[in-house]
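Let's take a walk through this structure together.

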Amino acid sequence: MPKDSGIGASSKRREDVRFLTGAGNYTDDINVRGQAYVYFLRSDIAHGRINSVDTSTAEGMPGVVRVFTGKDFEGVGGMPCGWEVTDKHGAPMQEPPHPILAQGKVRHVGDPIVAVVADSLEQARDAAEAIDLDIEELPAVIDMKSAAQEGATLVHDDLKNNICYDWQLGEADDAKVNDVFANAAHVTTLDLVNNRLVANPMEPRVAVAEYSRGTDEYTLYTTSQNPHVIRLLMCAFVLGLPEHKVRVVAPDVGGGFGTKIFHYAEEAFCTFAAKACNRPVKWTASRSEAFMSDAQGRDHVSTIELALDADNNFIGLRTNTYANLGAYLSTFSSSVPTWLHGTLMAGNYKTPVIQVNVKAMFTNTVPVDAYRGAGRPEATFQLERVIDKAARELGVDPIALRRQNFVTQFPYDTPVALTYDTGDYNGTMDKLEAAADLAGFAARRAQSEAKGKLRGLGVNCYIEACGIAPSNIVGMLGARAGLYDAATVRVNATGSISVMVGAHSHGQGHETAFPQVVADMIGIDESMVEIVHGDTSKIPFGMGTYGSRSLAVCGSAMVKATEKVIDKAKKIAAHLLEASEADIELKDGQFSVAGTDKSVAWGDVTLTAYVPHNYPLEVEPGLEETAFYDPANFTFPAGAYACEVEVDPDTGQVTIEKFTAADDFGNIVNPMIVDGQVHGGIGQGIGQALLENCAYDENGQLLSASFMDYAMPRADDVPFYGVDHSSQTPCTHNPLGVKGCGEAGAIGSPPAVVNAVLDALNSGGRAVDHIDMPMSPSRVWTAMHG
Amino acid sequence: MYNFEFEKPSTIADAVAALATEDAQALGGGQTLIPTLKQRLAAPSKLVSMGGIAEMQGVCVDDDGSVSVGGATPHVAVARDAAGSYPALAALAGQIGDPAVRNRGTIGGSVANNDPAACYPAGVLGSGATVVTNARQIAADDFFQGMFTTALDEGEIITSIRFPVPQAASYQKFLQPASRFALVGVYLARFTDGVRVAVTGASEDGVFRWSEAEQALNKEFRPDALMDLRINPANMIADLHGSKEYRAHLVSVMTKRAVEACM
Ligand SMILES: Cc1cc2nc3c(=O)[nH]c(=O)nc-3n(C[C@H](O)[C@H](O)[C@H](O)COP(=O)(O)OP(=O)(O)OC[C@H]3O[C@@H](n4cnc5c(N)ncnc54)[C@H](O)[C@@H]3O)c2cc1C
């Protein structure tokens, strides 16, 4: 019987009422009295030396408040990078400055050069057109492999080359790795590209900042996934402001997908300019600006080699990846191709020897950083594609080959630095085979062939690491932040509860799922619990939402704080019931004395806490507790996905006919929300596999700079998904036994789609080894006729 | 966008007069023009809306059986009101953009704009339609003069388009994955006196007639008649979404499908 409330219930998303009826409050809905508008004049070339910037005409134009250039920020810090990666020789990564407005050079199309603040946006734009820029164009550094060459044009003149770091993980002894490959019965090699993506949340980025001369306080409203992180970075590293004088609010946020984690120059600018102009300053990105200033995702070029013994056991894996970082280091960019990618290279398999090599490159393109999955999709894609190719080369069943190599004993220490606490990969694969009706595939293929279409089946596994932690370990790996989270559970006198959380909900449904947990623990109605998030003046210092961490990390803090509340409430109940605290039980919102019919209701206890007349003297009044939670390990959601496609042999058009996901997310609080998260993730994965292509030409011009050329997945591009999450091995180290589900779909689905297309072509008699994503009709057709 | 004057006349004569101002421009549904203005890529002194001119609205069947579509008729009205009189044209209109675009965008705007990937130019050229303006009548074969270029003079208004109705016709559109304009679109119309094949999306010269295919189909109206025909890729468009060769190939595939649909 499905539950109708509490943990395990598919409670309807309460926040959707406001989102769907136009009652949301997004950053662009916030207008502050007297606000001015900023327009950023951005570089239209990818690489150039700034000879001069003449703003004199612009300054005198109607409505102009002030014009800012890089010079105004010479004494101000640049945008910081939150993770220092150490290269394979022990040297720190090369870390160039990232000024708020360009200084000396422009380094990508969209790099902001001048900011014009005016009474209206149109006036600011008019004035920007009157600015005289003298910029000497330099050769653009675009292709990563040529960028790595000796003597290549430098993106940053002060660096020794364009390589941010040359990093390695796993087996450091090259001879040993060579040996494994030399003695292998079979080696499969694959070159592949993980295509660059633009996140394109429905809501573009916005910042509104105000400054009060009276109190010397700032407020920044911004589209962020983590307001406390933004405040810390902006105050400590960029503007040098005391945190207690700055409030950062991230109200309703219309989708983040990673790209709203980072601290961006525009929000620091607005905060700075609000004081400099003594006026609130507002910026709303246009969609075109989003294409050239939101951090982009993926963009890896890799070679992967898999060694197998004569019995088809995986005996070695080696990868060489060029990872594009773009022109500057965005906040967490350096961690993505390394600790979020290399560590996942073992996948679900017990390969004993793994070596991961990553060269991270500066190029004259928009900075690249975490995008839904962040590093883990790139790892999964390489691994699951090379396994598929190996199965085809060896003529073995791809599922059997995977099963044969699964990790089956837990905990399992991988050769790439992780310890998987739990999992059941065979069990999850069993669920997939049933849910996807793999037995019926042959019949479905026959039906497609009767219509003149090729049908293919692609299956793959994935594992991901969520709730990145613990802080002491990530600190050793170079993180410049802790990765705990925090929650304050404030019980009101009449028993309703406000939970202030560090996590931020921008579509994930926290406002529904988090109360389910607290309500369940106490035995009260969910509607009595409300989540408060997104405002540094209201919530404890938490790290926000990304990496599928919210429930696993912040939810755990919330559970701990609720436990503290319950413990204290039991003391009060014991006093009221004149019993011993040890005998008090809490069930269905009633405190009772074990083995008696004496009880007192939740609401009576909470009222007593705030009206402490009949009260235990040794207990403080009030009922409010905070907990910080630093996980002992990552969580490891894992799954198996199956995709069936039809390919039109005349045009190369691919359609997804069936998509099934079997995930092991451990325990599940709200199955409906989990389904939705998986649906959305798969939609983005299908987008990456078939449609989305952020492409630059050799001069660094973005070819797909609008929706006219950048293809987002639409409803008719995706099928009805089958989602099964009944395979559940609860996380062993957090109180809820939860693992996280936000990114799984985007991680697990691209290889399934590509494997399916290649199966369709190969079983249709076309020998094709690989097609790079997105598998557009033109690319598929070309591969078929290549 | 930059500032401009705005007029919404109710007769063609007033519209022509309003357009006499230097740098004045006609506004149809604004689906192309307004985004251009927002990007500050155009700076007309005045926009003259076609939206208030009753005589430029709607679909009607003329005495000779041809179908006339008013120059300011939105795509949604053509999709609905030509469904009986000229189903292939109605189907074309119903495949343009999304509901919002179809509710605003007009046939006159689309044809005047002559985007190389637009649908209507293929329908107009494939049907051998006549473009009627405030000043004259222009045969489709003379009207389209290459990407974004037409026979229209400054200030000339498309008041209606007159389509002779073929025995059978079909528009086969292969979607560009992002914009969902035509990566290649083929409009094939079969009249008693011959077949016309118009191709959009494919050529650097904009919409064109594929005369070799027409000749082959005039001899024998069967998909196989096209078997050995290949269009020269040299003038095809190459971009992110498809090479010249791919577009040339799609022209054959879409033409064949159009023949099949007309059988
Ligand atoms: C999201 C989107 C998707 C689209 N998809 C498609 C598609 O799949 N296929 C397709 O064919 N099109 C597509 N379009 C374009 C759409 O069909 C437009 O309606 C069309 O290009 C322009 O028509 P309009 O009435 O909006 O003209 P406007 O934008 O108002 O004007 C366009 C040009 O025509 C001129 N003009 C307007 N009316 C007249 C007239 N009566 N006489 C003379 N000149 C005139 C204007 O001065 C201007 O130069 C799409 C547009 C959008 C925004």
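A cavity, on a 1 Å grid over the protein atoms alone, is a set of points where a 1.4 Å probe fits but cannot get out, and its lining residues have an atom within 4 Å of a point. Grid points are joined across faces, edges and corners, and a volume is the space filled by probe spheres set on the points. What you are looking at is a predicted model, in which local features need pLDDT of at least 70 and side-chain atom pairs count only at pLDDT 80 or more, while totals for chains, interfaces and linings use all residues. Residues are numbered from 1 along each chain as its sequence is written, chains are lettered from A and ligands numbered from 1 in the order in which they are written, and side-chain values use heavy atoms, with hydrogens and water left out.

How many cavities of 30 Å³ or more does a search of the whole structure find? There are two. Helices (H or I, at least four residues) and strands (E, at least two) are DSSP runs, numbered from the N terminus.

Chain A is divided into domain 1 (27-138 + 202-255 + 260-293), domain 2 (300-469 + 633-785) and domain 3 (484-629). The largest cavity lies between domain 1 and domain 2 of chain A because both give residues to its lining.

The second largest cavity has a volume of about 50 Å³. Among the residues that line it are Arg298(A), His300(A), Asp369(A) and Glu378(A). Its lining has four nonpolar, three polar and three charged residues.

Next, look at where domain 2 and domain 3 of chain A meet. Their centres, taken over C-alpha atoms, are 39 Å apart. In this interface, 19 residues of domain 2 of chain A are in contact with 17 residues of domain 3 of chain A, contact meaning heavy atoms within 4.5 Å. The two domains bury about 1300 Å² between them, 64% of it on carbon and sulfur atoms. Val669(A), Pro735(A) and Leu736(A) supply 36% of the area that domain 2 of chain A buries against domain 3 of chain A, more than any other three residues. Buried area is the accessible area (1.4 Å probe) that two parts lose on being put together, summed over both. How many salt bridges cross this interface? The rule, a side-chain nitrogen of Lys or Arg within 4 Å of a carboxyl oxygen of Asp or Glu, finds zero.

Now move to the partner chain. The domain assignment of chain B gives domain 1 (1-49) and domain 2 (168-262), with 34 Å between their centres over C-alpha atoms. Chain B and chain A bury about 1900 Å² between them, 48% of it on carbon and sulfur atoms. Of the area that chain B buries against chain A, Arg40(B), Arg180(B) and Leu240(B) supply 31%, more than any other three residues. Seven salt bridges are found across this interface. Asp650(A) pairs in a salt bridge with Arg257(B), their closest N and O atoms being 3.5 Å apart.

Over all chains, the search finds 60 salt bridges. Another one to locate joins Arg49(A) and Asp157(A), whose closest N and O atoms are 3.1 Å apart. Arg49(A) lies in strand β2 (residues 48-54) of chain A and Asp157(A) in the loop between α4 (144-147) and β7 (163-170) of chain A, so this pair ties together parts that are 108 residues apart in sequence.

Finish with some backbone details. Most residues other than glycine have a negative phi, and most peptide bonds are trans. A cis peptide bond joins Phe410(A) and Pro411(A), with omega about -5°, and Pro411(A) sits in the loop between α10 (398-405) and β16 (412-413) of chain A. The bond from Met773(A) to Pro774(A) is cis, with omega near -5°. Ala417(A) has a positive phi, near 80°.

How values were computed
On a 1 Å grid over the protein atoms alone, a cavity is a set of points where a 1.4 Å probe fits but cannot get out, and a pocket is an open set with protein on both sides within 12 Å along at least five of seven lines; lining residues have an atom within 4 Å of a point. Domain bounds come from an automatic or database domain assignment. Ala, Val, Leu, Ile, Met, Phe, Trp, Tyr, Cys and Pro count as nonpolar, Asp, Glu, Lys and Arg as charged, and the others, Gly among them, as polar.
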